[in-house]
Amino acid sequence: MANMSKKKTPMPTQPAEERIHNFCEVALGYTEEMAVDEAFRCLNCKTKPCVSGCPVGINIPAFIERIKTKDFDGAYEIIRFASSLPAVCGRVCPQENQCEKYCVRGKNGESVGIGRLERFVADRHNEKEDNKAVEIPSKGKKVAVIGSGPSGLACAGELSQRGYEVTVFEALHVAGGVLVYGIPEFRLPKSIVQKEVENLKKMGVKIETNMVIGKTLTIDELMEDYGYNAVFVGSGAGLPRFMGIPGESLKGVYSANEYLTRSNLMKAYREHSGTPIMKGGRIAVVGGGNVAMDAARTALRLGAEKVYIVYRRSMEELPARKEEVEHAIEEGVEFRLLNNPVEILGYKNENDPRDPKNGFVTGIKCIKMELGEPDERGRRRPVPIEGSEFVLEVDTVVMSIGTSPNPLIKNTTSGLEVNSKGGIIVEESTCATTKDCVYAGGDAVTGAATVISAMGAGKAAAKAIDEKLSE
Amino acid sequence: MDICTEMKSNMYKIVNKKVLNPTVMLMDIEAPFVARKAQPGQFIILRVDEERGERIPLTISGYDREKGTVRIIFQIVGGTTKALSMKDEGEYIADFCGPLGEATKTDGLKKVLIVGGGVGCAIALPVAQKLHADGAEVVSVIGFRNKDLLILEDEFEAASDRLFVMTDDGSAGEKGNVCAPLKKMFADGEVFDEVIAIGPLVMMKFVVEETKPTGIPCTVSMNPIMIDGTGMCGGCRLTLNRDGKRVTKFACVDGPDFNGYEVDFDEAMSRSRMYSDFERHEYEDSCNLFREVK
C-alpha cells in the first residue's frame, strides 16, 4: 500500500543548539524502517519524470522498488550502475532542482525523499566490509586523470571498470578535491569520501598526491614520456573571485576557498591545530551559494558570536541547496538579503602607524537593493537604492561569490583551447577537448557547478576515452 | 617509465640537515620530480606531518637533479617551521609539492645587482649562481643583523664578481644596511641591467626606493602567506599599482617575482602580520624554555 502522507518522512538531525558546537554531521540518516516507509510514498509511475531530472540518469523508481522489498543490495546495484559516488551525492546533490523537482508527489505535497533514500542505500552498503575487488581483464592501456574531485573520481572508476590502468594526479596532499577541501565535515564526513577513494584503490586505481600537473609534470610529458594513452582533465574551478571593492586586502578578508581550506583540509577546526584562522567575533559571508552556507556554518562552529549572510538578491533567488539554507537559519545565521557590499572598512590609528590593530577589518559597508527587471536568465536584477548605505560591524569577511577555472593547465599544454571565461572547450557529448586524446569535464569546463554534473561528465568522458582507445 | 614506482609512494626523506645559525636551517629533501623541474625563484609547499595540518611555502634554494634532492633553507618563525627543524636526517616529512610559481627571469641579463637580506639570501643565491654560470657579471650585496646570523658568505663569494657583506652592527663585513653600497655604486654612475632584491619586505621596499631614480628595472621576490600554491585560495594576493590602476595578483601563480616599482609594500607588510599573534603563541607554547619563563 502506498504511503499517502503529504510530507517526507522526517530526517533525524542533531539539534541546532548542540550541533553549532561540533563538526559532526548534521543530518543523521534514515533507519531501515524510515527508508522503507519513505519508499512506499513512491507511486512507481510509468513516466518516471524523476529520472529525467537526474544528471546521470539513475533508474530511481527501480531502486526505490527494491527498498520496498528490503532488497537493499539490489537497490545499491541499480544506483551504482549510473552513479560512482552515491553516498556523496545523496548528501550534496540539490535534489529539489533535479530528480525531486519532477516527482509527481511534489504536485500535491512534498516529493519523495529521493536523496535521502539514495544516501540510506549507499551508507548501508558502505557499512558492510565485503567490498570485494572484482578482477577485470586489463586492456593494457594507461589513462591519466588530473584532479581527484568528483569528475576525476567518477572518470577513474569507470575507466578502471573497463580495464584501463588509471593513475589519478592530485595537487593537494589528499584525494577528494572539493569534497575534502571545500565541503565541511558536518555536511559530508571525510570518512565517506575516503571510503570512496579506498574503493577506487581496491579496484587498482593509483592515486599520486602532491602532483601539480602543469608544474611538476605537464600533460605533454605524461603522454610522450610516461606512455599515457589518454588524459582526463578534471582540475576544477580554482581561482577565487573578489568583488573589486575597496578594502578587500585588509586582514580578516578571506576567499571562501581559503577559509574553508584552512578549516577543513588544514584542520584549523581542531582545538590544538597548528593552522591559524580568524575565529570568534562577528563575521559576514558575502554570497548565497552552498559554499557561502558552508562558510557561514563553519564560522558558527569555530565560535563566532554573530554570522551574517550578505546577499544582493532575495531569498527566492538564493542558489544554495534548500536544506542547507534551512539548517543555517535554524543554527542562527542571520540573512541580510538585498544587501550588496560596497566597501570593507579597516582600523587605522592615525597617530600610531605601529598599532597592531591597524589594517584589520572593522566592518562592511553595504547598500540596500531592490529587485528590478528580469535579466537574460530570467532572474530579477538587483538595483541599488540610492543613499541607503549602512555599516555592519564585523571582524571577518568571507567572499563567496564564485570561482573561475585555473589557468595552470591551459598555460602549459600545447593545443588545449579555452573559452573567454577560461573554461576548457569540449565537445559536449564526449568531453573531447581540442587536443587529441585529451578530455575534460567538471568545473574546469563549466565553471562552478554541482558535484553530480561533474560526475556525469567524468563518466561520459570515460566512455568516450574507451571508444577512442578501442578504435 | 612508471611514475608510481618512481614516486616511492610519496615519501620525502631528509637526506641532509645543517644548522646555519641559531634560527636558520638547511635541509636537502628527496623529491625527484621537484628536483627535475626546479628553477631559481620557484618555491615548494610542504607539510611536516599528518598531525600538524598547516601547509607552508618555502622558496627553493638549490637542487640536485641527479640525486633528486631539493634544498630548502628556512628560518624558525612559527609552529610549523619549529616542527620541521626538529626532524632529523633520515626522517621523512609528509608532503613536498612543487616546483610552483614562475622562475626568475634571467635571460639576456649581462650585468646584475643581487641584493639579499637575512634568510632571503638563501633564495637569492641560486639566482646569483645561475646568472654567474650564464656568464653575466654579478655584483652581490648581502645583509644581516649581525655576525651570528651571517649565512652563505662563501657561496656568494664564489658566485659573484664583487661581494658586499653588510651587518647592522658591523660585527661582520661593513656596518650599515644593504642600501649603503647601492647608494655609492649609483652615485658613481654604475649601471646594471637589473636589480634583483630578495629579503624582508621592508628591505625590498628601501632597495626599490634607492633604485628608482636610476631607472634600472628592479625585481622583488614576494613570499606572502599561502596555502595551496596553485591559485586556489587567494590568500597570497597582493596589490600592484599599474598605470594608475590597482591590480590584484596572486603571488603563487603570477609571481613570486614582481616589478618592485609596482608593489604596494605597505599593504603587503600589513598582510604579512595577519597571524603574528597566533604564531608567537604557537612558537612559545612549543618551547619549554618560553613556557618556564611565562
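Across the interface of domain 1 of chain B and domain 2 of chain B, 2 residue pairs are in polar contact, both residues at pLDDT 80 or more. A polar contact is a pair of N or O atoms within 3.5 Å; within protein, one must be able to donate a hydrogen and the other to accept it, and residues adjacent in sequence count only if both atoms are side-chain atoms. The model is predicted: local features need pLDDT of at least 70, side-chain atom pairs count only at pLDDT 80 or more, and totals for chains, interfaces and linings use all residues. Residues are numbered from 1 along each chain as its sequence is written, chains are lettered from A and ligands numbered from 1 in the order in which they are written, and side-chain values use heavy atoms, with hydrogens and water left out.

**Inside chain B**

The domain assignment gives chain B domain 1 (3-100) and domain 2 (104-218). Such bounds come from an automatic or database domain assignment. The contact between them takes 14 residues from domain 1 of chain B and 12 residues from domain 2 of chain B. Contact means heavy atoms within 4.5 Å. The count of salt bridges between these two domains is 0. A salt bridge needs a side-chain nitrogen of Lys or Arg within 4 Å of a carboxyl oxygen of Asp or Glu.

On the domain 1 side, β1 (12-21), β4 (56-64) and β5 (69-75) of chain B are the elements that give two or more residues. Helices (H or I, at least four residues) and strands (E, at least two) are DSSP runs, numbered from the N terminus. That side of domain 1 of chain B has 7 nonpolar, 7 polar and no charged residues. Ala, Val, Leu, Ile, Met, Phe, Trp, Tyr, Cys and Pro count as nonpolar, Asp, Glu, Lys and Arg as charged, and the others, Gly among them, as polar.

**Inside chain A**

Chain A is assigned domain 1 (16-126), domain 2 (142-238 + 404-469) and domain 3 (242-401). Here 12 residues of domain 2 of chain A are in contact with 12 residues of domain 3 of chain A. Tyr181(A), Phe186(A) and Arg187(A) lose the most area on the domain 2 side, together 57% of what that side buries. Arg187(A) also forms a salt bridge with Glu324(A), at 3.7 Å from N to O. Across this interface of domain 2 and domain 3 of chain A there are 2 salt bridges and 3 residue pairs in polar contact (both at pLDDT 80 or more). By class, the domain 2 side has 7 nonpolar, 3 polar and 2 charged residues.

The table lists buried areas. Buried area is the accessible area (1.4 Å probe) that two parts lose on being put together, summed over both.

| Pair | Buried area | Share on carbon and sulfur |
|---|---|---|
| Chain B and chain A | about 4,100 Å² | 55% |
| Domain 1 and domain 2 of chain B | about 1,000 Å² | 70% |
| Domain 2 and domain 3 of chain A | about 1,000 Å² | 56% |

**Between the chains**

The contact takes 50 residues from chain B and 52 residues from chain A. It has 2 salt bridges. Glu221(A) pairs with Lys37(B) in a salt bridge, the closest N and O atoms being 2.6 Å apart. On the chain B side, several elements each supply at least two residues, among them α1 (3-7), α2 (32-37) and α10 (276-286). The largest share, 6 residues, comes from β7(B). By class, the chain B side has 20 nonpolar, 11 polar and 19 charged residues.

Most residues other than glycine have a negative phi, and most peptide bonds are trans. Strand β7 (residues 95-100) of chain B contains Pro99(B). A cis peptide bond joins Gly98(B) to Pro99(B), with omega about -5°. The bond from Gly255(B) to Pro256(B) is also cis, with omega near 10°. Pro256(B) sits in the loop between α8 (251-254) and β16 (257-259) of chain B.

In chain A, Cys431(A) has a positive phi of about 65° although it is not a glycine. Cys431(A) lies in the loop between α15 (408-412) and β16 (438-440). Cys437(A), found in the loop between α15 and β16 of chain A, has a positive phi near 65°. Cys431(A) is buried, at 4% relative accessible area. Cys437(A) counts as buried at 15%. Buried means under 20% relative accessible area, exposed over 50%, and partly exposed in between (1.4 Å probe, protein chains only).
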